[in-house]
Each structure stands twice: as C-alpha cells, then as structure tokens.
Amino acid sequence: MTEKITAKDINEQDKALLSDLQDALANCMKCGNCMEVCPVYKEVGKEAAVARGKLSLMEGVLKGSIPLSAAFDAAMSKCVSCKACTAKCPCGVPADELILRGRQAAVKARGLHPIKKKVFALLKNRHLFDFSLRMAGIFGPLSFKKIPGKMAALARFPMPGMDYKRVTAPFASTPLRSQYPEVIKVDRPTMRVGFFTGCTINYIYTDVGQSVINVLKENNIEVTMPSMQHCCGTPVYMSGDVDSAKILAKHNIETFDSYNFDYIVSACGSCTEAFRIEFPHLFHDDPKMSAMTEKLAKKTYEISEFLIDIVKIDKTKLGPVNATVTMHDPCHMARGIKVTKQPREVLKSIPGLHFVEMKAPDRCCGSGGSFSLGNYELSRKINDKKIADIASTNADTVVTSCGTCRMHLTDGLFQNNMNQDALHVIQLLDRSYKAGHQK
Amino acid sequence: MEKHHINALKEIVGEENVLTSVEDLYCYSYDATPGHAHMPDAVVSPANTAETSKILKLANENHIPVYTRGSGTNLSAGCVPTKGGIVLLMTRLNKILEVDLENLVAVAEPGVIVADLNKEIASLGLIYPPDPGTVATATLGGTVAENAGGLRGLKYGVSKHYVMGLEVVLANGDIMNTGGKNVKDVSGYDMTKLFTGSEGTLCVITKIISKLVPAPEAKKAMMAIFKDLDNAGKAVSAIIAAKIIPATLEIMDNATIRTVEDYAKVGLPLDAEAVLLIEVDGNPIVVEKEAEKVMEALKANHADLVQIAKDDAERDKLWAARRAALPALAKLRPTTYVEDATVPRNKVPDFLREVSSIAKRHNVTIGTFGHAGDGNMHPTIVCDIRIPEEMERVYQAMDEMFKAAIALGGTLSGEHGIGLGKLPWMEQQHGLVTMNAMRSIKRALDPNLILNPGKLVGEC
C-alpha cells in the first residue's frame, strides 16, 4: 500500500495548489463530448482516462472525497496533452491545462515519475545536459544499432526507462549548434532571426536544423543560434514541475532578449508554443519578466508559418521533388499555436510533390512528448491507428513539424514493417531549393 | 457488497475488468445530469452475453443493485448508481455483427457508438436515423434503452421506430430474444418496444437488431427569423398543412437567440422572438419543390427574414446558429440542465411563452430551443449548483415548467428519459393506475428489484 496523502495535508502545504481551480472545474457539465476525441480514452476505455473523469477526480480531491493517491497520479499522467478535449468542449473548459494543474498537485504531493525525475534533473543543468547528450552522440553507436537509411536506431541492450523494442533516433555525434558558428552570415541580409533549435533538433535531428538554416540562407536571412539557449521547458512543464519549467523559461527569455532579433524561429510546434503561450502564462503575474516575455512571444514563429506569412517565399526558385507526401499535424501545432495551413502551403509549393491528406491528420500520434517514456505500450496503440491512416494514403513520405512526433512515427512505421520516410516539412523544402539550383 | 462477491465477479470477467479502487469508482458515480452522484461498489465490464448473464445471476441471488451504463451521457441520472452495487459497463461489447443489405437491417452489440454505426453503413448508402446530440459518443445500447430521438425525429422517428429485435439478459440471468428481422411481426406482446426505453430497469440489452433506411440524396436548409412568436408557430403549422414533413424543423426562443448572438455573432436580430431552421431532404427534384413550398409558407406567415442555403457552405452557416445554442447557453453559468419537456406541435408557442414567464417569475435563466416539428423542446436552465438559494428557484421553475407541459397535453420527456430527474412528476402525468401497471411490469420481470432500482417508476 502506498502512503495516502489527503487533500487536507496538501492544502496545508500549498493552499492555492488546486483550490483556485474550483470554478474552472465546476464549468465541466460532464456531457462527455471529450470521449469522442480523446486518443487515450479510445484505447483504455475507462472513465479515468478521459478529461471528464480526470476533472471529476480533481473535484473529488478538492472535496476531500478521494485522496491525492498514486492512482490519482497515474490517472493524471495518462494524458498526451493533445488538447483535443479542450478544442471539443462545448463549455470552453481548458481541460488540458487543468490536467496539468492536477499533475502539479501530484508532483508536489508525491514527486515525479522516477524515470522522468532522472531525465529532468539532468535537464535543469545546462552544462551537464549538454555534456551527457554529446557523450550520447559519441558513444551512442555502442548502445544503439542504426537502422540503415533512416534517422533511426534500435537499442542494443535494455536501457533504463526505454522499451527494448522501441526505435528511437540516434544522438548526433556533433550537435547542430557545434556544426556552425553562432552567427551564420549571408550577404546583405534582409533580416536577422534567432533560431531556437530545441533539444531534439540540436542533439538528435540535426538534419532538420541544417534544412532550417539552408532554407533561411536561401532567403537571405541571417541566422543566429544563441549558444546559451537551453531546453524550452515544455517536457517538465507538461509533467507538472512548474518550478523547473520557470527556471528554464527565464534562462531562454533572457538569452534571446539580449540579441534583439527581428524574429525568433523554431522548427517545432511545442517550442514555438512555449515562447508564444507558455512563457507569458508562466510569468503573467511577474511584471518585470512579463513585458520581456510578451515582446518575444509576438516575434516568435514556427518555420513554415514564418516562411509563408512573413518571408513570403519566392516559389519560382523551387525545383521538383518527386514524392507522394502525407502530413501529420502535431497537437501543439494544430491546437496549440493553431498552424496547419502554412506547412501544407509549403508542401504544395514544391513542384512534382503529390500531397495526399490522411484521415484525421491532426489526431495525436501517441507520442505526447515525454508521455511515451512512461506509457510506451499505450502510446504504441494510439500510434498504430495513425500508422494505419498513413498506410491508407499510399504516400511514400510522411512529414510533420515536431521532433518527438517524427521519432514516434518512425518507430511506428518500423514496428508495422513499413518503409515510408518520416521527415520534417522543412527538409522537403530544402531539397526543393537544392533541386531548383540544378535547374 | 462483500469481498467474495468482488472475487466472484473477477472470476467471471477477469481481474482487469473489475474496477474497485476509490478513484475508479468515483469516475462512475455520475453521468451527464447535474446534481446526482453516488459511488458504486464495483464497475464490471463483461465481454459478451454469457458473462453478462453470469453477473446478473450473481447480483440477483445476492440482491446487489445493477446499473447498466454505456458512455454515461444520460441526461436524467439514469446511469447514476444511487444505491451502490454494480455499474455494468457495456462498452466492451462493441462489434457490429452484421449489415444485412437484403433486409436493410443491422445487428450490433450495445457498446457500438451510434456515429460509428453510421460511418460503417454510409458507404452502403444507408443511415440509422436516431441522432441525439451525443451521437458521436453515446452507445447504441444506451440510446435504445433511453429511446433516444434527435434532430430528425419529425420525419424519421426515434429509436423505437428502428429497433426490430433485441437480445437481452433478464434480472435472473436468463437470456431472452425478442422480435427479429420481420417487418411485420404480431406474434405475442411486443417485448421489443417494452424494452426499448425501459432505461435499464427491466433487462440488460446485449444485442440490437435495427432497421436501416436509404440515405437521402439531397438536402436543403432554410432559416426564418420572426419578430412575433405566434407567426413562427403558424409557419410551423402551415408547413405541415402543406403536407411537407421536413427532416428538421428547429426553433430557438428569444433568450437563446440573444445568447447565441452574443457568443457566436451570427447576425441574428436581438429582438427576434423566434428563429426557425428547416431542412428538407430526399429525392433532389422533390427537395427543390418542397423547399419552395416551405419558403412560401414562411413568407405567408410574415417571416421577417428568410434565407435558403444554395450550397454546403451556406447550409453550414444556417446551421451555425442552431449548433451554437447549447454551447452558448452552457458557457453562461457552471451548471446546465438540458430538459426535454414535449408538447403537441400546435402548443409550442404557448409552451415557449409559459417557460419565459416562469423564468422571469423565478429569476432563472432559461433558454429554450428544440424540435418545433415534433414539439420536443429543450428548455435549458443555466445556474450554479453551488448556490443553494438559486437552486431553490431553479427547482421551483422546473416544477412549474413540467406542470405547464402536462397541462398543455404534453409529456415530461421527449427523448432524454425519466431516470431520477423527472420522476417526481410521473404520477401527475400518468395517474396512479398507469403507474401501478408499470410497477407491476417491473416487479414481474425484476422481482428482487436489482435493475436500476428507484428509477423511472420509482420505488416499488
């Protein structure tokens, strides 16, 4: 039996922890419309898996009817934060945010999931984090077996916190930011942008980072990758560890503010959402940080959005890429920053590219960022549906705009014996520019 | 319930299909009805009819209450386990067993989501018409047990018009089959109709044989705005008198119009007393002709503005106001009661006027929208259940509203069921003789009173 901590104990520790949520929770009319769209509920089939159940549990804790128990913690953690429930809710209840608050309560009461705890402790220390992931890149081949022709690898032996069969991406032997100078100059730049690489692009999918840089250079844009940038904090924030998330956010805000860029660009929906939505939210009651944060939020763009809405790329420079392509919309793109049209416009600008829409392209792939670390089997089941949808398009390539989605799709394709490429949208545009030069 | 009962249930359905943790039980203490919640002792999910039968046998022998549940979207507290015991979760029985194209019949398990059945048969050019607001989440079993209706009730009818046969498990665990694929069938009492709408009080449905109909080839939507409620009422009568049965004939009252306009900004005039949304469907040539006649009827009855959708995009625009009705009202206050008192079609304006005067009298916010064509109204009360003084007024308004519906020759519930929510007014509507007859049926089929006890017919 795990030790049960009651609401009373918690309230003594931190009275404001959940109690300010009472009104927000009361707005849930329990219609259950969230059941239609929740990817976790579709697999698990139990009320505690869906937003209606989770919000009820939080109400139960607040009323003192149920304890802030390990089972409460487990229920809160079974959420991919895909925001589909929030988008569906007729009462406008921000269920995804409330579930995060539930996690925060659980974290305060019971601590983080042990695997996440280890990973996140590492994350908070930038030097140690950087060192560890560089080492992973150098020594990675010893522990991971690369899958030929793909940015993918299988573990050679069981790793803590990782499913043995799971395909991940290999750590880069040289991180992206070490492959380039901090400032990548171009002749007569039209603007200066700061590239927030995010962790997956810096340490794993350096190919995406290279494409971002190539494409921006093609458009005469000076790119800077501030060397002091660090994880955006979304993984810790999503796990309910707000204090750590604030430390990371503050570091990044101050770092990027000091450069005075025209724009900040990221190639990941979650990282963009962090700058644009999460950071202002974290510091809304801190006047000193708030102004700086709002300023940065306004000039942060996801790469496809930036190219279409701000740069307005010259499509005549593009050469043919012969591929049949379908697209998966990451949750934080579709329902976070609400960017779905621009990546499609990028794809449709590419000559020779045949675009096929899959069924429900914005349904979660099951990755849920670090959700899949603690819930691999469940995240696989959710992913199998996505993979079946990809298969039915007969596309040879699936693109997305998020590193962890790409990794999870790659794993899913491998587990289902499929040979499609999983890439970032920007990589196809990069190829198209290259083909344009050969014209 | 005792430990050995739980163990016996685990023996029947397997350990992982019996939930007993306080957290899990808490999640099955409610449905979509405000103000009713009670913890069950166990949540049990059978995989098939045989397991369901064993569970009921055990429950019956030990006098354990059983509350059958699908997706738990019930609006009359029908799923709430008010006396503890077992919540019988039927969602694992979720297979469409057969689509019989020669007889236009589907055979499905109760856990199938209604929208999923429609997705499955859409490519065959067929529909299963009952479409309650929760069509994307509600189970077929739940909608049959509640005799759910929906937006197309006027032309297509409700669940009971589609259920041709059932496999059910009786309270003692016996498995019983009713009806079948016969279009005509007068052999014996119509047990299929009795069980359809029995709200889990007489049996547990384990298989449904349902009629399917050809999907309409064309649709045409129209909207009319009325400054005068009586003209809207007359327009509804005129459409029917012109021998047109629209698939949809919806009305929204002034309170709803104001709320929708405030929320969705669809361009409705705030002083309008009623908005009608009409949709005719069927053969494309007939649809065009009917739409013309509907437009004539609207104009002849002094509609202040009429619009007809030329294409799908315009159709969506016309529907936007109606779709926004519930979300807009629900966002006003934390607690939402969606009622479904129903009156004869020609009494709709009278009922709407009654409801708005009741709302004023008790200072309660009620927006009414609903299915004008079949008289099924949805007076939607928004309030805050945490404020006792306000709830006092809400209950008084509710009481007067139901009495008003009965006085107009109406009924307590058009499609949501009685459950607990409308139980207090049952005798007023039906009288003691009818209530006793219903209770006799209940006692005959469920002598130990284990199935959803205390609901629909009350304590027996």
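Is A:Thr255 buried or exposed, and what is its relative accessible area? A:Thr255 is buried, with a relative accessible area of 10%. The model is predicted.

**Around A:Thr255**

A:Thr255 sits in helix H15 of chain A, which covers residues 242-257. A polar atom of its side chain lies 2.6 Å from the backbone oxygen of A:His251. Leaving aside residues up to four places away in sequence, A:Thr255 touches A:Pro226, A:Met228 and A:Gln229.

**Chain A as a whole**

Chain A holds 24 helices and 12 strands. Of its 439 residues, 60% are buried. The chain exposes about 17,600 Å², and carbon and sulfur atoms supply 55% of that area. Take the contacts in chain A between residues at least 6 apart in sequence: 76% of them join residues at least 24 apart.

Helix H18 of chain A, residues 303-311, is mostly covered. Buried residues account for 7 of its 9 positions. Among them are A:Ile303, A:Phe306, A:Leu307, A:Ile308 and A:Val311. A:Ser304 and A:Glu305 are buried there too. At the start of H18(A), a side-chain oxygen of A:Glu302 comes within 2.9 Å of the backbone nitrogen of A:Ser304. Just after H18(A), A:Lys312 adopts a positive phi of about 55 degrees.

**The interface of chain A and chain B**

The size of an interface is often given as the accessible area lost when the parts come together. Between chain A and chain B, the buried area is about 2,200 Å². Carbon and sulfur atoms give 60% of it. Three residues, A:Met29, A:Lys46 and A:Glu47, supply 23% of the area that chain A buries against chain B, more than any other three residues.

The contact takes 31 residues from chain A and 27 residues from chain B. The two chains share 9 residue pairs in polar contact, both residues at pLDDT 80 or more. On the side of chain A that touches chain B, helices H3 (22-26), H5 (51-63) and H6 (70-77) each supply at least two residues. H5(A) gives the most, with 7 residues. By class, this side of chain A divides into 12 nonpolar, 11 polar and 8 charged residues.

**Salt bridges**

Over all chains, the search finds 46 salt bridges. Across the interface of chain A and chain B, the rule finds 2.

| Pair | N to O distance |
|---|---|
| A:Asp23 and B:Arg386 | 3.0 Å |
| A:Lys83 and A:Glu273 | 3.0 Å |
| B:Glu339 and B:Lys422 | 3.7 Å |

The side chains of A:Asp23 and B:Arg386 meet in a salt bridge. This pair crosses between chains. A:Asp23 is in helix H3 of chain A, while B:Arg386 is in the loop between strand E18 (376-383) and helix H13 (388-407) of chain B. B:Arg386 counts as partly exposed, at 39% relative accessibility. A:Asp23, B:Asp384 and B:Arg386 are linked in a network of salt bridges.

The side chains of A:Lys83 and A:Glu273 also meet in a salt bridge. A:Lys83 lies in the loop between H6 and helix H7 (84-88) of chain A, and A:Glu273 lies in helix H16 (residues 269-282) of chain A, so the pair ties together parts that are 190 residues apart in sequence. A:Lys83 counts as buried at 13% relative accessibility. A:Glu273 is buried as well, with a relative accessible area of 3%.

In chain B, the side chains of B:Glu339 and B:Lys422 meet in a salt bridge. The pair links distant parts of the chain, 83 residues apart. B:Glu339 is in the loop between strand E16 (335-338) and helix H12 (348-362), and B:Lys422 is in the loop between H13 and helix H14 (426-445). B:Glu339 counts as buried at 6% relative accessibility. B:Lys422 counts as buried at 1%.

B:Leu151 is found in the loop between helix H5 (140-146) and helix H6 (153-156) of chain B. Why is B:Leu151 classed as partly exposed? Its relative accessible area is 22%, and the class begins where buried, under 20%, ends. Beyond four places in sequence, its contacts include B:Asp131, B:Thr248, B:Trp319 and B:His371.

B:Thr248 belongs to strand E13 (residues 248-253) of chain B. B:Thr248 is buried, with a relative accessible area of 3%. Beyond four places in sequence, B:Thr248 touches residues including B:Leu151, B:Leu277, B:Ile278 and B:Trp319.

Note on methods. Residues numbered from 1 in each chain as written. Chains lettered and ligands numbered in written order. Predicted model: local features only at pLDDT ≥ 70, side-chain atom pairs only at ≥ 80, totals over all residues. Heavy atoms only, no water. Contact = heavy atoms within 4.5 Å. Buried area = accessible area lost by both parts, 1.4 Å probe. Salt bridge = Lys/Arg side-chain N within 4 Å of Asp/Glu carboxyl O. Polar contact = N/O pair within 3.5 Å; in protein donor to acceptor, adjacent residues only side chain to side chain. Helix = DSSP H or I, 4+ residues; strand = E, 2+ residues; numbered from the N terminus. Nonpolar A, V, L, I, M, F, W, Y, C, P; charged D, E, K, R; others polar. Buried < 20%, exposed > 50% of the residue type's maximum accessible area, 1.4 Å probe, protein only. Areas by Shrake-Rupley, 256 points an atom, 1.4 Å probe, with all protein chains shown as cover.
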